[in-house]
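Q: I would like to learn how to read a structure one feature at a time. Can we go through one together?

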Amino acid sequence: MSAWSSRFQWKPTMATGIEAMDIDHQVLIGLMAVIETRHHAGQSGDDILDAIIALANATMDHFAAEEAHMAEVEHPALTRHALIHRDLMERFAGHAERIGHAGGQADEAFFNFLEFWVLTHINGLDKDYAEL
């Protein structure tokens, strides 16, 4: 049996320096890892769908908190950042719907989307709001 490791792991270099946001990011990445781990273990159905719902709920809460923080500090990129959040949620919903129709069977396209989200948004754009 080969060792398997999730591609979704929190790294200190991902920190924004804003504790509440960093904790949220750790939770989101942890939920992504749960979905991937369940998929890797051959689980599907409610096991995967429940984790996807948990990720969706945590994401919506986080995006609202992040946008509130950006509004509070009058961040000039708030409008653009909020639009990116909407796009991410729409894309996430499309993946979730497809997985739901497949009986909770996740696929590589979904995990590639999550990885893109971590690399470009959590570990990229979100660092911008910490600069003010």
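Predicted model: local features only at pLDDT ≥ 70, side-chain atom pairs only at ≥ 80, totals over all residues.

Q: Is A15 buried, exposed or partly exposed?
A: The value to look at is the relative accessible area, where buried means under 20% and exposed means over 50%. A15 has 34% relative accessibility, so A15 counts as partly exposed.

Q: What is A15 in contact with, leaving aside its neighbours within four places in sequence?
A: Sequence neighbours are set aside in such a list. What remains for A15 is W10, D22 and K127.

Q: Now the helices. At what angle do α1 and α2 pack?
A: Two helices are compared through their axes. For α1 and α2 the angle is about 165 degrees, and the axes are 9 Å apart. Angles over 145 degrees count as roughly antiparallel. The two helices, α1 and α2, are therefore roughly antiparallel to each other. The handedness is a further reading, and α1 passes α2 in a left-handed crossing.

Q: Which residues of α1 and α2 meet?
A: From α1 they are M21, D24, H25, L28, L31, M32, V34, I35, R38 and H39. From α2 they are D47, I48, A51, I52, A54, L55, A58, T59, H62, A65 and E66. By type, this contact of α1 with α2 divides into 13 nonpolar, four polar and four charged residues.

Q: How do the axes of α3 and α4 cross?
A: The axes of α3 and α4 come within 10 Å and cross at roughly 165 degrees. That angle makes α3 roughly antiparallel to α4. The crossing of α3 past α4 is left-handed. On the α3 side, the contact is made by H81, I84, H85, L88, R91, F92, H95, R98 and I99. On the α4 side, A109, F110, F113, L114, F116, W117 and H121 take part. These residues of the contact of α3 with α4 divide into ten nonpolar, four polar and two charged.

Q: At what angle do the axes of α2 and α4 cross?
A: Those axes come within 15 Å and cross at roughly 20 degrees. Angles under 35 degrees count as roughly parallel. So α2 and α4 are roughly parallel to each other. The contact is made by I52, L55, T59, F63 and E66 of α2, together with F110, L114, W117 and H121 of α4. It divides into six nonpolar, two polar and one charged.

Q: How many residues does the largest nonpolar core have?
A: The general idea comes first. In soluble globular proteins, nonpolar side chains tend to be buried together. Here the largest nonpolar core has 28 residues, and those with the most contacts inside it are F92, F110, L114 and W117. The elements that give two or more residues to this core are α1 (19-40), α2 (46-72), α3 (78-101) and α4 (108-122). As one example, F92 touches I52, L55, A56, F110, F113, L114 and W117, not counting residues up to four places away in sequence.

Q: Is H95 buried or exposed?
A: H95 has its place in helix α3. At 14% relative accessibility, H95 counts as buried. Beyond its neighbours within four places in sequence, H95 is in contact with A109, F110 and F113. H101 is also found in helix α3, but H101 is exposed, with a relative accessible area of 68%.

Q: What is phi of E74 near?
A: Most residues other than glycine have a negative phi. Phi of E74 is near 55 degrees, a positive value in a residue other than glycine. E74 lies in the loop between α2 and α3 and is exposed, with a relative accessible area of 69%.

Q: Where is the place of Y129?
A: Y129 is in the segment after α4. At 0% relative accessibility, Y129 counts as buried. Leaving aside its neighbours within four places in sequence, Y129 is in contact with T16, I18, M21, H25, H62, E66, H69, M70, H75 and H81.

How values were computed: Residues numbered from 1 in each chain as written. Heavy atoms only, no water. Core = buried A, V, L, I, M, F, W, Y, C linked by side-chain atoms within 4.5 Å. Buried < 20%, exposed > 50% of the residue type's maximum accessible area, 1.4 Å probe, protein only. Helix = DSSP H or I, 4+ residues; strand = E, 2+ residues; numbered from the N terminus. Contact = heavy atoms within 4.5 Å. Axes fitted to C-alpha atoms, helices over the stretch in contact; angles between N-to-C directions. Parallel < 35°, antiparallel > 145°, perpendicular 65-115°, else oblique. Left-handed = near helix turned anticlockwise from the far one by under 90°. Nonpolar A, V, L, I, M, F, W, Y, C, P; charged D, E, K, R; others polar.
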